[in-house]
Amino acid sequence: MNPFTFDTSDFQFLLDTVGEIVTINNVSKKCIVQNAKIGDYEEKYIYTLDSIQRGNLIVYNGKNYLIVSDVTQGKLYKQAKMCHCNYEIVVEGQKVCDEIVSYNVFGEPIYECHTTESISVPAIVDKYTFKIDNFAPIRLPENQIIVTMQENENKSKFTVNTKFGVMGHTWKVVDVDITRNGLLILTCELSN
């Protein structure tokens, strides 16, 4: 028997002894979290036996992280890189009139209106973008930012020409990139 073989029970032992409880999309799971290389961004690696995928929102030590890489699925565990969400974008509640309560004297419907709840969307906001084949960041024009968030119900809230506030300014979405499954990547410019 090879003394250097590693099986699922060995990884489960590691999880049990050094694993930490994190929240993955609002579900508590035990994982091993390790710092990535030292750099400008707070990046970490997550290792788990549970299912994870790009775009999962992880809450670790009270901070929000987004899985930004493909998930490496080895024989024993799943591994991915996650980045710290450095901002939360607040989407104000919208007035919605969706239920007909009666009709006026002209036969036109009268709607019941209500305001939806405001939501807070964890996001990675940056003034740099990265090329796959080159590790050097490319600086965006002075009036632009890149916003990366989960691709979920956010997809319908952040479309081209949508405006939102972050970093003390109002920004307008000029491009929506959904080429990386699980992530919604917005190119935004300063709005007047």
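## Surface patch, cores and salt bridges in a predicted model

Ile100, Tyr103 and Tyr111 make up a nonpolar patch on the surface, and their accessible area together is about 330 Å². The model is predicted. Isoleucine 100 belongs to strand S9, which covers residues 95-103. Its relative accessible area is 40%, so isoleucine 100 counts as partly exposed, given that buried requires under 20% and exposed over 50%.

### Overall composition

The chain contains 2 helices and 17 strands. Of its 192 residues, 33% count as buried. The accessible surface of the chain is about 12200 Å², and carbon and sulfur atoms account for 50% of that surface. Among contacts between residues at least 6 apart in sequence, 45% join residues at least 24 apart.

### Nonpolar cores

In soluble globular proteins, nonpolar side chains tend to be buried together. The largest nonpolar core here has 16 residues. Within this core, the residues that touch the most other members are Ile89, Val147, Met149, Phe158, Phe164, Leu186 and Cys188. Two or more residues come from each of strand S8 (87-91), strand S11 (119-126), strand S14 (144-150), strand S15 (163-166), strand S16 (169-177) and strand S17 (183-190). A second, separate core consists of 12 residues, with Ile46, Tyr65, Ile67 and Met82 among them.

Which residues does cysteine 188 contact, leaving aside its neighbours within four places in sequence? The contacts of cysteine 188 are Asn143, Gln144, Ile145, Val147, Phe164, Trp171, Lys172, Val173 and Val174. Of these, Val147 and Phe164 are also listed with cysteine 188 among the core residues that touch the most other members.

Threonine 148 is located in strand S14. With a relative accessible area of 11%, threonine 148 is buried, because the cut-off for buried is under 20%. Residues up to four places away in sequence not counted, threonine 148 touches Leu66, Ala123, Ile124, Leu183, Leu184 and Ile185.

### Pairing around strand S4

Strand S4 (residues 57-60) pairs with strand S1 (residues 20-24) in the antiparallel sense, over 2 bridges. In this part of the structure, isoleucine 24 is placed opposite isoleucine 58 of S4. S4 is also joined to strand S5 (residues 63-67) by 4 bridges, and these two strands run antiparallel. Leucine 57 has leucine 66 in S5 as its bridge partner. S4 and S5 form a hairpin with 2 residues between them. In the turn, asparagine 61 has a positive phi of about 50 degrees.

### Salt bridges

Side chains of opposite charge can pair when their charged atoms come close. The structure holds 5 salt bridges; three of them are described here, with their distances in the table.

| lysine 29 | aspartate 50 | 4.0 Å |

Lysine 29 and aspartate 50 meet through their side chains.

Arginine 54 lies in the loop between S3 and S4, and aspartate 70 lies in the loop between S5 and strand S6 (72-73), so the pair ties together parts that are 16 residues apart in sequence. Arginine 54 is buried, with a relative accessible area of 16%, whereas aspartate 70 is exposed, with a relative accessible area of 54%.

How values were computed
Residues are numbered from 1 along each chain as its sequence is written. This is a predicted model: local features need pLDDT of at least 70, side-chain atom pairs count only at pLDDT 80 or more; totals for chains, interfaces and linings use all residues. Side-chain values use heavy atoms; hydrogens and water are left out. A nonpolar core is a set of buried Ala, Val, Leu, Ile, Met, Phe, Trp, Tyr and Cys residues joined through side-chain atoms within 4.5 Å. Buried means under 20% relative accessible area, exposed over 50%, partly exposed in between (1.4 Å probe, protein chains only). Contact means heavy atoms within 4.5 Å. Patches are made of residues with over 30% relative accessible area and no salt bridge: like charges are joined within 9 Å, nonpolar side chains (Val, Leu, Ile, Met, Phe, Trp, Tyr) within 5 Å. Accessible areas come from the Shrake-Rupley method with a 1.4 Å probe; for residues, only the protein chains shown count as cover. Two strands pair if DSSP finds at least two bridges between them.
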